[in-house]
Amino acid sequence: LLGAQAVPRSATGAAAVAPLPKGPRAMVLGDWYRVVNVSSPAVSPDGKRVAMTVTRAVESENRRHSEVWVVNTAGGEPQRWTAPSTESSTPRWSPDGKYLFFASTRAGGRGNTWAIRLDMPSGEAVQVPEYPTGSMPTDGSFAVFTDAAVPAPQVPSADPFNTMPAMARPPFDAITRPAAAARFDGRHVVDMNYKNNGTGFVPGRRVPRTWRPQQLFRQSVGDTSKKQITSTAYSHRGAVVSPDGKWVAFIADARLRSDSVADLERDSLARLPYDKVRDEAERNDADIYVIDANGGTPRKVIDWMGAESALTWSPDGKSLAFIGRPVRTKSARIYTVSVAGGAPRNLLGDWQYEPSDMDWLSTGAIQFTADIGGRSALLRADLTGKTAPKELVGGRRQLRGASYDAAGKIVAYTATSMTKPTELFVANADGTGERQLTSFNKDVNADVVWSDADRFTYKSVGNMEIEGWLMKPYGYEAGKKYPMVIYIHGGPHSAYGEGWFDEFQNLAAQGMFVLFTNPRGSSGYGADFTYSTRGRWGMEDYDDLMKAVDIVAARPDVDSTRMGATGGSYGGFMTTWMATKTTRFKAIQTDRTITDWTYWYGASDAQGLTEFEFYGKPWDNQALYDTLSPIRYVNKVKTPMLIVQSEEDHRTPMGSAEIWFMSLKKQGVPVELVRYPRSNHDLSRTGEPWLLVDRLGRLRQWFSHWLIGKN
Ligand SMILES: CC(=O)N[C@@H](C)C(=O)N[C@@H](C)C(=O)O
């Protein structure tokens with residue numbers, strides 16, 4: 001009766017949790033549930049407190065749980081501020097200090113914005129409809145936000161298909177109809193975007209296509225009425241109010257064309273075959289505008305070629321800063337421009353790295369975080385643009401989510417390093433006086449000896465410098481030889497780095513070296529590096545990976561006869577590609593894999609990736625789609641492979657894994673396919689905890705079996 005029946009179908013049942021041995025010791029799978037994640041720090045306007053989201057796994061219930069916690073910047077124990085019975089996250093303080101707002105799914109309210117009162121004792125979270133959410137002037141008297149002014153079109157209540165499951169209903173443009181509404185529960189598809197990795201299948205429209213341009217609204221604090229200040233056929237994006245409350249800056253179509261015209265033009269261009277002159281040219285789809293905060297006619301601030309984002313006012317209200325990217329293949333820069341107009345100033349010059357999270361502080365400084373290869377740092381831009389930005393907080397770690405007090409004196413951020421899961425830190429805004437404010441992971445850190453990694457760089461094809469890391473096995477002893485597994489990241493435009501990572505720790509704990517690198521194509525090294533693999537996937541980036549393997553295999557403590565490879569998504573493509581090109585690995589694991597780019601193009605929710613990277617659609621460039629598809633060379637594979645795939649992965653759908661599995665089976669190559677239910681492309685990151693940990697266990701077992709000879 002137990003057996004298959006004992007496996008729960010969903011995350012509802014509670015299960016007993018086995019106690020773990022005291023440390024110091026190697027990580028065991030159960031430790032995964034103990035690691036706490038800290039995110040979304042928010043410094044109070046007076047700089048005295050920091051609120052944050054704290055997320056833990058609830059092992060017995062196979063779920064994660066998030067709460068809002070608060071800690072004094074002066075130090076002391078962090079306190080939980082939201083109820084353990086509900087999910088709460090992403091806190092933010094009202095500028096007047098009266099409320100701590102946060103997102104929550106608790107029942108009995110409208111929308112998901114809730115607040116804790118700070119100006120009087122109050123036990124329960126409340127909703128405050130008279131306190132608007134949006135961009136506020138310095139005095140915090142009102143907020144500006146964007147919303148559609150017209151309601152979404154409703155399907156008539158008399159629609160004969162209303163009783164059907166949403167995906168089964170015949171979409172608006174459909175020619176066919178169910179023989180009987182009650183007898184068809186399949187999926188009827190007419191539109192291109194009918195599935196999405198996160199949300200799953202997306203029902204088609206039951207009404208004609210309409211446009212609902214985003215308008216500017218303002219709402220005063222203490223008043224629930226919302227005043228619409230624009231009424232246009234184009235959308236307003238990224239709206240920000242000037243510090244004095246008189247103006248609103250926003251981003252909109254460069255010619256203020258209606259959303260319908262801009263969308264229809266984009267749709268028809270997207271149908272054309274790749275054309276070098278047209279598709280590689282700089283485009284000006286959007287520009288920056290300013291409008292009176294009570295409405296009127298907008299004025300264009302600048303005609304700037306490229307895409308603008310992260311619009312921010314200077315504290316004196318005379319200038320605007322934005323992050324601009326001239327074309328997709330060029331690095332993003334921070335620019336400032338006078339509100340009166342004129343040429344924007346590039347503050348980063350030809351600095352190699354790209355900004356994110358920019359703030360223009362009330363002290364006048366522009367600060368931002370940036371990935372510097374595999375680490376990240378907090379930096380201050382030179383407002384003249386003459387010198388490279390100054391690193392304020394850095395080191396071999398990853399910083400995220402910088403948040404400042406109103407005076408621009410204090411900054412809080414989360415940080416993680418190779419052997420330290422995320423915690424909250426605070427420093428003076430100039431980077432001095434840093435202190436760690438939380439130790440949520442104290443107990444697990446005391447029990448588990450997390451493995452550290454040595455960073456190295458090496459020269460690869462074309463003299464390109466590549467960054468890599470080698471993580472030592474748990475219990476490493478000089479003079480002994482250990483197996484090694486190389487990890488290959490996805491994207492391909494993402495990166496590994498200087499942060500605690502469950503996957504690396506999982507294998508290092510089994511007594512293996514873990515090698516990871518950022519081959520060309522990775523993000524974090526500037527756009528030239530990121531896009532240097534365009535049309536050449538699996539070529540020089542493969543060489544970059546294999547050169548790292550050569551370097552490590554030559555070490556006296558690495559057993560080059562016991563090497564493995566693993567990777568997910570683009571890394572899944574690369575592991576199958578490797579399997580067709582070399583037999584030097586004793587075992588490979590391929591995760592959320594891609595083995596045929598033409599199949600992937602048709603089945604994935606992200607065709608734009610290869611349309612750009614492979615210079616067109618499969619029928620525009622079929623030879624490239626074929627040449628770069630591992631399935632074309634599957635007859636060369638000799639290496640045992642573990643394939644891990646999620647049933648609801650719409651990014652890298654199951655077909656690639658199925659054909660790989662069948663091809664290896666037919667050739668007698670050892671292969672296992674593990675298919676995870678109720679999970680999508682993000683199983684290894686945000687999947688159900690029991691399934692996620694099960695996957696980590698399979699990787700341990702696979703490599704232990706083939707590389708160590710134990711299971
Ligand atoms: C853009 C994108 O989703 N690419 C996928 C093929 C991919 O490689 N994703 C990475 C980020 C992953 O690890 O899932």
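1. The UniProt annotation "domain: Peptidase S9 prolyl oligopeptidase catalytic", from an unreviewed entry, covers residues 503–707; such annotations may be inferred rather than shown by experiment. Over residues 503–707 the chain is 44% helix and 17% strand, where helices (H or I, at least four residues) and strands (E, at least two) are DSSP runs, numbered from the N terminus.

2. This is a predicted model, in which local features need pLDDT of at least 70, side-chain atom pairs count only at pLDDT 80 or more, and totals for chains, interfaces and linings use all residues. Residues are numbered from 1 along each chain as its sequence is written, and side-chain values use heavy atoms, with hydrogens and water left out.

3. The residues surrounding the ligand (a heavy atom within 4 Å) include G490, G491, Y570, R651 and H681. Polar contacts are pairs of N or O atoms within 3.5 Å. An oxygen atom of the ligand lies 2.5 Å from a polar backbone atom of G491, and an oxygen atom of the ligand is 2.9 Å from an N or O atom in the side chain of R651.

4. Strand β26 (residues 410–417) has eight of its eight residues buried, that is, under 20% relative accessible area with a 1.4 Å probe, counting protein chains only.

5. Strand β26 also has partners on either hand in the pairing record below. Strands pair if DSSP finds at least two bridges between them. Five bridges join β25 (residues 398–404) to β26 in an antiparallel arrangement, and seven antiparallel bridges link β26 with β27 (residues 420–428). T414 is the bridge partner of R400 and stands opposite L424 in β27.

Technical notes. Polar contact = N/O pair within 3.5 Å; in protein donor to acceptor, adjacent residues only side chain to side chain. Buried < 20%, exposed > 50% of the residue type's maximum accessible area, 1.4 Å probe, protein only.
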